[in-house]
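Subject: Structure handover

Hi,

Please find the structure below. My notes on what turned up follow it.

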Amino acid sequence: MINFDDVSKIFGEGDHRTAAVEDLTIEIPTGKITVFVGPSGCGKTTSLRMINRMIEPTSGTVLIDGVDTRSIDAPKLRRGIGYVIQNAGLFPHRTVLDNIATVPVLDGQSRKAARAVAAELLERVGLPESMGSRYPAQLSGGQQQRVGVARALAADPPVMLMDEPFSAVDPVVRAQLQDEFTRLQAELGKTIVFVTHDIDEAVKIGDRIAVFAVGGRLAQYATPAEVLSHPADDFVADFVGHDRGYRALSFTVAGNLPVRDEPTLLLGSTADPSLVPPDAQPGEPYWVLVVDDARQPRGWVDARWIAGGRRPVGLGDLVLGGSLVGPQSSLRTALDAALSSPSGRGVAIDADGRVIGTVEARDVLDAIETARVAQGLLDAADQRPAADQRPVSGAPAGDAEQAAAAVPS
Amino acid sequence: MNWNWLNRNTDQILSWLLAHLWLAALPTLLGLLLALPLGALAFRYRWSYATLITLAGLLYTIPSLALFVVLPGILGTRILNPLNVVVALTLYTVALLVRVVADALDSVPPLVRQSATAMGYRPIRSLITVQLPLAIPVIGAGLRVAAVSNVSLVSVAALLGVPQLGQLFLVGFQLNFYTPIVAGIVLCLLVAAVFDTIILVAVRIATPWTRAVSHR
């Protein structure tokens with residue numbers, strides 16, 4: 001657990017006095033990912049760096065597991081805290097393996113032992129062992145970032161600080177890194193403080209989100225679902241963005257949506273005109289779902305168009321659908337599946353990826369409405385014992401998580 | 001060119017060449033060793049940067065001949081003592097390299113420096129094992145200039161009678177005879193080229209990462 005106790009960081013004096021962080025009090029839970037998010041100049045990186053004393057607070061105390069960080073020699077403190085810096089910040093003159101081995105070597109381990117650990121970590125972050133002898137300049141941005149994560153993990157620190165670690169890579173690689181990082185954290189259970197300016201990244205990665213406003217004010221501290229559904233003030237609402245309602249759907253599992261039977265056509269089979277029922281709207285495409293041998297969805301085809309040709313359905317004939325609705329999919333995915341499908345019907349699959357039918361947008365909307373009402377009832381129940389239970393200043397916010405779990409699934 | 005004269009004086013020229021070599025090499029090395037901590041100081045503390053760089057600049061403007069003449073008085077050495085030359089050229093090298101070292105350290109990306117701090121490096125260890133190695137290419141470039149300039153400055157000391165290749169220029173001038181002058185120039189160029197190559201190779205060996213080819 002990390003505690004900021006009334007921490008301020010003031011730069012300059014007199015007229016030039018600016019507060020980077022002002023009276024910050026926050027409790028960061030053990031074993032979870034806490035995201036500091038906010039626009040530039042909001043003090044999120046300054047706050048992060050006060051944890052490992054790269055920046056010393058002007059006033060207040062930072063405690064790790066109850067110990068005042070000022071009572072620990074700063075370099076020693078830092079070796080016990082993993083740090084992933086922007087753009088990876090690797091040492092250009094050291095090989096990948098030696099970069100990862102940095103902290104163990106600083107701690108007095110032999111270079112050989114440290115390299116052995118480094119080689120294991122390389123694999124853990126999804127890089128081949130052969131990459132160990134390369135220099136950072138020989139790696140892509142995404143690969144460098146993975147090495148940065150491996151380096152932070154090398155001494156197996158209980159706490160990790162991550163300063164915009166994925167901001168310098170392209171969106172595709174970033175999404176990949178985020179997914180892998182989430183998976184890694186599920187195995188490791190570190191206490192992680194993650195700084196980003198990207199609210200989507202915060203929502204995707206964080207167990208809890210601390211939204212910082214310019215001037216180092218903590219505007220809201222809550223779960224991602226809570227921040228999206230109940231922004232604490234105008235600043236948070238504005239920062240979170242105008243489609244927050246839609247994005248908040250990510251936190252509710254779609255659960256038992258009505259799944260309708262969907263006739264399917266096997267890829268490679270020949271469509272015949274009987275596929276199109278006589279009462280189908282003339283002139284409109286008649287969409288049929290195409291599956292492969294494993295009954296996995298491959299796309300949609302206009303039966304009228306393909307039936308006229310009397311030839312096997314090939315991959316080239318298919319119009320691709322969007323998201324698929326699986327057993328654990330959120331309402332957001334379910335709605336998107338329906339909206340992104342040419343037929344307006346989202347493809348539902350089982351745990352093995354086989355088609356079980358389709359869902360329609362109106363059914364998803366009904367489910368959203370049901371969830372909203374259930375959430376409202378829960379909120380009302382919450383507010384009875386204490387009116388100020390909204391977790392702005394560090395009260396544990398299990399409420400929203402429970403609410404999400406309590407929705408029919 | 002009078003090859004006979006060269007043949008007759010080979011031994012003398014060789015001993016001057018050897019003297020020239022160490023009179024130029026030693027101050028380059030000493031100067032580098034002194035400039036490293038001073039440059040690091042100038043880099044680390046902003047207030048010392050301006051002071052040190054200004055002092056270095058002033059030092060460099062003192063004419064070498066004046067320094068050669070004044071130093072024996074200060075050091076208590078005899079005028080012919082080669083130590084005067086070594087001290088004078090070491091001062092010039094320091095003057096040249098303090099700024100180079102400070103700027104070379106400054107050229108190391110701040111993210112790398114911060115990352116070393118974040119990993120738990122103490123300042124001195126970070127300086128020596130992270131920042132200094134990364135500054136080698138820039139320091140090496142400055143060192144090449146200093147080394148070559150020392151090779152030419154040494155010859156000025158011939159006016160005081162310190163034996164080295166500069167003597168060839170005096171002899172040639174006094175006898176109005178070009179052979180020793182040409183030989184002196186060629187040998188000086190040769191010495192400079194050898195120093196330059198040695199530094200270039202040393203920098204190359206010390207910085208394998210700069211030649212790492214992208215596998216991307």
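Two strands are taken to pair if DSSP finds at least two bridges between them. With that settled, here are the notes. Keep in mind that this is a predicted model.

The sheet in chain A

By that rule, strand β12 (residues 287–291) of chain A pairs with β13(A). The sense is antiparallel, and the pairing runs over five bridges. Across it, L289(A) stands opposite W300(A), which belongs to β13(A).

Both strands sit in an open sheet of three strands. Its order is β11-β12-β13 (chain A), and the pairing is mixed. The edges are held by β11 (264–266) and β13 (297–302) of chain A. Each has a single partner strand, so one side of each is left without a neighbour in the sheet. On average, neighbouring strands here are turned by 40 degrees against each other, direction ignored.

A loop residue in chain A

S140(A) lies in the loop between α5 (111–124) and α6 (141–153) of chain A. Burial would take 20 or more, and exposure 12 or fewer. V169(A) is 29 residues from S140(A) along the chain, yet 9.1 Å separates their C-alpha atoms.

Where the chains meet

The contact draws 22 residues from chain A and 18 residues from chain B. On the chain A side, the elements that give two or more residues are α2 (74–79) and α4 (102–106) of chain A. The largest share, four residues, comes from α2(A). By class, that side of chain A has ten nonpolar, eight polar and four charged residues.

Chain B overall

Chain B has nine helices and zero strands. From the N terminus on, its elements therefore read α-α-α-α-α-α-α-α-α. The C-alpha trace of chain B spans about 65 × 50 × 20 Å along its principal axes. Chain B has 216 residues, of which 38% count as buried. Take the contacts in chain B between residues at least 6 apart in sequence: 72% of them join residues at least 24 apart.

Start with helix α4 (residues 64–75) of chain B. At 1.5 Å a residue, its twelve residues should span 16 Å. The end C-alpha atoms are 16 Å apart, which agrees.

Which residues of α4(B) are buried? They are S64(B), L67(B), F68(B) and L71(B). Seen down the axis of α4(B), the buried residues fall within an arc of 100 degrees, so they line one face of the helix. On the other side of α4(B), A66(B) and G73(B) are exposed. The cover over the buried residues of α4(B) includes α5 (82–106) and α7 (123–154) of chain B. After α4(B) comes G76(B), with a positive phi near 75 degrees.

Now helix α8 (residues 166–175) of chain B. Its buried residues are G166(B), Q167(B) and L168(B). Among the elements that cover the buried residues of α8(B) are α2 (10–44), α7 and α9 (178–206) of chain B. Just after α8(B), N176(B) has a positive phi of about 50 degrees.

Best wishes

Definitions and conventions:
Residues are numbered from 1 along each chain as its sequence is written. Chains are lettered from A and ligands numbered from 1 in the order in which they are written. This is a predicted model: local features need pLDDT of at least 70, side-chain atom pairs count only at pLDDT 80 or more; totals for chains, interfaces and linings use all residues. Two residues are in contact if their C-beta atoms, placed from the backbone, lie within 7 Å. Ala, Val, Leu, Ile, Met, Phe, Trp, Tyr, Cys and Pro count as nonpolar, Asp, Glu, Lys and Arg as charged, and the others, Gly among them, as polar. A residue is buried if 20 or more other C-beta atoms lie within 10 Å of its own, exposed if 12 or fewer, and partly exposed in between; C-beta atoms are placed from the backbone. The expected span of a helix is 1.5 Å times one less than its number of residues. The arc is that of the directions from the helix axis to the C-beta atoms. Axes are lines fitted to C-alpha atoms, for helices over the stretch in contact, and angles run from 0 to 180 degrees between N-to-C directions.
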